[in-house]
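Hi everyone, thanks for coming. Let me put today's structure up on the screen, and then we can walk through it together.

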There are 2 protein chains.
Amino acid sequence: MPYFDAASTAPLHPVAREALLASLDEGWADPARLYREGRRARLLLDAAREAAAEAVGCRPDELVFTPSGTQAVHTGVAGALAARRRAGRRLLHSAVEHSSVLHAAEVHEAAGGTRVELPVDRTGRVAAGEVAAALGTDTALVCLQSANHEVGTEQPVDEVAERCREAGVPLLVDAAQSLPWGPVPGPWSLLAASAHKWGGPPGVGLLVVRKGTRFAPQGPADERESGRSPGFENLPAIVAAAASLRALRADPGTDGEAARLRLLVDRIRTRVPELVPDVEVVGDPVRRLPHLVTFSCFYVDGETLLHELDRAGFSVSSGSSCTSSTLTPSHVLRAMGVLSEGNVRISLPYGTAEAEVERFLEVLPRVVRSVRERLGVPAAGGEEVPAAAGGAARTAPAAPAAEPAEAAGLVVDALGKRCPVPVIELAKVIGEVPVGRTVTVLSDDEAARQDIPAWCTMRDQEYVGERAAERGTAYVVRRRA
Amino acid sequence: MPYFDAASTAPLHPVAREALLASLDEGWADPARLYREGRRARLLLDAAREAAAEAVGCRPDELVFTPSGTQAVHTGVAGALAARRRAGRRLLHSAVEHSSVLHAAEVHEAAGGTRVELPVDRTGRVAAGEVAAALGTDTALVCLQSANHEVGTEQPVDEVAERCREAGVPLLVDAAQSLPWGPVPGPWSLLAASAHKWGGPPGVGLLVVRKGTRFAPQGPADERESGRSPGFENLPAIVAAAASLRALRADPGTDGEAARLRLLVDRIRTRVPELVPDVEVVGDPVRRLPHLVTFSCFYVDGETLLHELDRAGFSVSSGSSCTSSTLTPSHVLRAMGVLSEGNVRISLPYGTAEAEVERFLEVLPRVVRSVRERLGVPAAGGEEVPAAAGGAARTAPAAPAAEPAEAAGLVVDALGKRCPVPVIELAKVIGEVPVGRTVTVLSDDEAARQDIPAWCTMRDQEYVGERAAERGTAYVVRRRA
């Protein structure tokens with residue numbers, strides 16, 4: 001069964017499995033003890049640290065093992081901010097960071113610090129110049145991912161690191177997604193990563209604090225891992241994590257595999273819009289992770305789409321609002337200003353067969369079509385498909401709730417309807433709107449704010465704007481042709 | 001090779017190993033995902049939670065998995081204190097808690113809270129009445145271990161929990177050492193434990209917060225584990241931890257094994273003082289963990305003793321100052337007011353053979369004797385053994401540094417000498433002191449404060465007291481006979 005969600009977690013690397021088994025026998029004791037079992041465990045821990053440091057490109061005494069990438073980020077952000085308290089309390093981070101960075105930033109803000117969110121372009125990339133311009137004199141820390149976890153876009157980490165170095169501000173790089181593919185270049189100060197993203201076991205993160213970087217660990221003291229990661233070391237998993245990372249680096253095939261997956265992703269990027277109408281492929285087509293691609297499908301409920309793909313044998317992920325229990329669209333897609341509905345993220349694990357990708361391209365159009373049909377979506381050409389039961393919102397010419405400006409226009413009441421229904425209802429009525437006149441969609445779904453303008457762009461209709469309505473928000477669209 | 005340090009970490013239970021292997025295959029995916037691999041992982045996680053909850057004696061939704069017992073304690077203490085902030089900011093804990101509790105308490109204190117350390121008796125036990133008396137009206141939380149990790153003494157958790165319940169104050173129980181042997185009784189509110197103490201893999205702790213207990217997780221938000229333990233779940237290890245705990249509980253032999261180890265420990269408690277002169281066996285002889293015993297040997301450097309036992313094939317641990325890089329005696333032994341030097345902790349793993357214990361009893365007297373001989377220690381009868389090179393401190397009658405009161409007495413200058421040298425020097429000169437006269441030991445070693453009075457008790461000499469000297473501390477001893 002094709003598993004296309006390596007960005008969530010990669011299947012265990014065979015070397016990791018072997019090393020885990022061996023170190024269950026050899027490395028079960030407490031590495032802090034002086035007897036033979038303890039000394040043996042200590043040797044394994046030291047060797048793992050050396051291997052991981054070499055793969056990252058740092059000194060072994062700069063690297064500690066944490067219980068997860070998330071905890072590496074939390075510890076790194078808190079420790080760097082605390083050590084820089086006198087320099088300032090401003091934290092800069094991109095708008096598309098992983099939630100672990102955002103949550104650490106929220107804690108900083110709640111404690112009286114300030115945070116500045118750096119915008120990204122439509123591909124999801126920050127501009128190094130904008131980071132440099134925002135640095136100011138009181139910035140304590142900058143956080144920037146090496147590559148985005150939802151759309152794969154690579155960030156200009158090298159250049160940003162250089163600018164930060166010049167300004168004397170530390171840069172923390174969340175390298176969770178890119179470390180499997182190579183070390184992070186540039187004079188960064190801190191780095192966080194997660195073993196299960198590269199085929200290591202869960203339970204292991206890396207936190208690197210380069211020499212010369214001020215760092216003050218927060219929280220209760222503990223003598224393990226240089227006082228930077230409390231608790232008994234998860235040694236078998238640490239050994240497995242380091243062994244698999246070293247194996248990836250040592251494997252002369254890694255670069256070849258990256259190139260091969262890059263071509264498979266190129267093929268998906270090209271073929272999906274050809275095979276499926278009303279799709280937006282997002283993220284940078286070139287400066288990106290080799291194995292990851294994301295696209296969004298209009299008029300599709302993401303959760304249903306994922307479910308149907310799963311039934312067809314494909315395990316994929318989504319940043320769509322439609323699959324999240326919080327009902328808010330992915331902050332990454334929102335910051336990029338791209339379509340969020342019907343979002344699908346494909347991240348190919350090491351060794352993905354070309355035939356699996358081809359089969360996915362075969363299955364996808366049929367799956368999307370069937371989901372759309374069930375929702376009564378207008379077909380790509382603009383003709384309408386009859387609405388299925390349950391999905392339709394009420395539409396009314398000049399409904400009493402509408403305000404004077406729209407009195408002459410059509411109002412679609414999609415209140416209480418979740419993504420993708422508001423856009424579907426808009427698509428259904430646009431044919432009834434006289435050219436040059438407007439239609440107003442009333443919606444209280446957060447995704448509509450993003451998806452209605454995106455729909456207008458794709459369908460070449462004019463997005464007039466939004467304003468608060470008595471309930472929810474009124475989105476106004478003018479028919480162009 | 002006999003491994004007698006189960007209290008540091010227990011060898012992996014065969015069931016844990018099996019479950020770990022199986023869940024590397026079945027449970028590697030993200031349990032938060034909706035595709036089949038994710039759903040399978042979710043089922044394993046749910047089953048592990050149910051099994052662990054049953055073994056602890058709580059509801060599955062009261063239990064979360066953390067990356068370690070230490071983190072379970074840190075999270076539990078911080079979350080309970082934060083939620084009780086309005087009730088008060090006083091934290092009560094015993095003087096013999098695990099360092100993870102003490103370090104969490106230090107953070108509370110640094111943030112403006114208060115902490116009250118509850119004293120223990122000479123066996124290491126708190127009195128439930130004293131806890132109740134200390135509760136007051138502004139106590140936010142009480143922390144009490146179920147059994148001590150260094151000396152094995154069981155605490156009156158059941159009774160303390162009852163008193164706390166009556167007062168409406170939550171009790172957090174650190175059950176790391178006792179959970180392998182059975183659930184913790186009583187109406188406690190929070191519980192922390194660690195899987196590698198019961199034969200589970202490292203990387204897994206448990207935090208239980210009983211329904212009705214106010215709890216406010218601190219630190220960055222995260223949706224995993226009910227928001228109480230951030231980061232990707234360490235699922236294979238969690239499954240292995242739960243399976244091995246369930247196996248221990250289901251095994252009809254567990255109680256028998258506890259009884260068998262209890263007898264072996266009884267034998268060590270009885271025989272060691274018979275076989276080795278000048279030894280103090282500490283902790284409660286009856287209300288204790290089944291598998292753990294600690295004793296201290298006068299005139300012995302703990303690190304050397306552990307090293308020699310390791311050479312003789314025995315892996316044991318120590319709370320002695322002499323093995324620690326910090327050079328301060330174990331806070332547990334200090335709080336109990338017992339001898340700290342030459343401290344040895346024996347904690348027998350499941351299945352320890354009687355013959356191994358017998359061999360230990362055979363080897364120990366010889367090892368202690370050889371260490372003492374090398375240090376030039378007076379033999380048990382009181383006769384002196386000639387001092388070996390390097391170990392001797394200067395002794396001088398009426399040294400100029402001595403103060404008037406001791407001008408007529410002997411002064412032993414042990415400044416700069418570490419445990420056990422100050423006590424050895426005292427033992428060497430006591431024969432030269434006229435009966436009724438004093439000898440003063442000058443020492444800057446923290447352990448002397450504990451070990452010189454302990455030596456006086458054992459040798460029936462009068463401990464007059466201590467006072468600050470020009471350098472270090474002057475300990476005054478009067479010869480009785």
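Some ground rules before we go on. This is a predicted model, so local features need pLDDT of at least 70 and side-chain atom pairs count only at pLDDT 80 or more, while totals for chains, interfaces and linings use all residues. Residues are numbered from 1 along each chain as its sequence is written, chains are lettered from A and ligands numbered from 1 in the order in which they are written, and side-chain values use heavy atoms, with hydrogens and water left out.

Back to E159(A). Its salt-bridge partner is R163(A), with the closest N and O atoms 4.0 Å apart; a salt bridge here is a side-chain nitrogen of Lys or Arg within 4 Å of a carboxyl oxygen of Asp or Glu. Both residues sit in helix α6 (residues 157–167) of chain A, four residues apart, about one turn of the helix. Helices (H or I, at least four residues) and strands (E, at least two) are DSSP runs, numbered from the N terminus. R163(A) is also partly exposed, at 32% relative accessibility.

By that rule, the count over all chains comes to 66 salt bridges. One of them links D310(B) and R36(A), whose closest N and O atoms are 3.4 Å apart. This pair crosses between chains, going from helix α9 (residues 302–311) of chain B to helix α2 (residues 36–56) of chain A. D310(B) is buried, with a relative accessible area of 4%, whereas R36(A) is partly exposed at 26%.

Please stay with helix α9 of chain B for a moment. R311(B) and E308(B) form a salt bridge, with the closest N and O atoms 3.4 Å apart. They are three residues apart in that helix, so about one helical turn separates them. R311(B) is exposed, with a relative accessible area of 61%, but E308(B) is buried at 14%.

There is also a network of salt bridges, which links D5(A), R345(A), D30(B), R33(B), R224(B) and E233(B). R345(A) gives us a way into the next topic, the strands. In strand β10 of chain A, R345(A) is the bridge partner of T294(A).

T294(A) belongs to β9(A). Why do we call β9(A) largely enclosed by the rest of the structure? Because six of the six residues of this strand, residues 292–297, are buried. In a regular strand the side chains alternate between the two faces of the sheet. In β9(A) both faces are covered, with L292(A), T294(A) and S296(A) buried on one side and V293(A), F295(A) and C297(A) buried on the other.

As for its neighbours, strands pair if DSSP finds at least two bridges between them. β9(A) pairs with strand β8 (residues 279–282) of chain A in the antiparallel sense over four bridges, and V282(A) has T294(A) as its bridge partner. Five bridges join β9(A) to strand β10 (residues 343–347) of chain A, and these two run antiparallel as well.

How many cavities of 30 Å³ or more does the structure hold? There are five. On a 1 Å grid over the protein atoms alone, a cavity is a set of points where a 1.4 Å probe fits but cannot get out, and lining residues have an atom within 4 Å of a point. The largest cavity has about 280 Å³ of space. Its lining has 27 residues, and those nearest the centre are P67(A), S68(A), G203(A), P67(B) and G203(B).

The second largest cavity holds about 110 Å³ and is lined by 14 residues, with L20(A), A237(A), L20(B), N234(B) and A237(B) nearest its centre. Helices α1 (14–26) and α7 (235–250) of both chain A and chain B each give two or more residues to that lining.

Last stop, the backbone. The peptide bond from C419(A) to P420(A) is cis, with omega near 10°, and the bond from C419(B) to P420(B) is cis too, also with omega near 10°. Thanks, and I am happy to go back to any view.

Definitions and conventions
On a 1 Å grid over the protein atoms alone, a cavity is a set of points where a 1.4 Å probe fits but cannot get out, and a pocket is an open set with protein on both sides within 12 Å along at least five of seven lines; lining residues have an atom within 4 Å of a point. Grid points are joined across faces, edges and corners, and a volume is the space filled by probe spheres set on the points. Buried means under 20% relative accessible area, exposed over 50%, partly exposed in between (1.4 Å probe, protein chains only).
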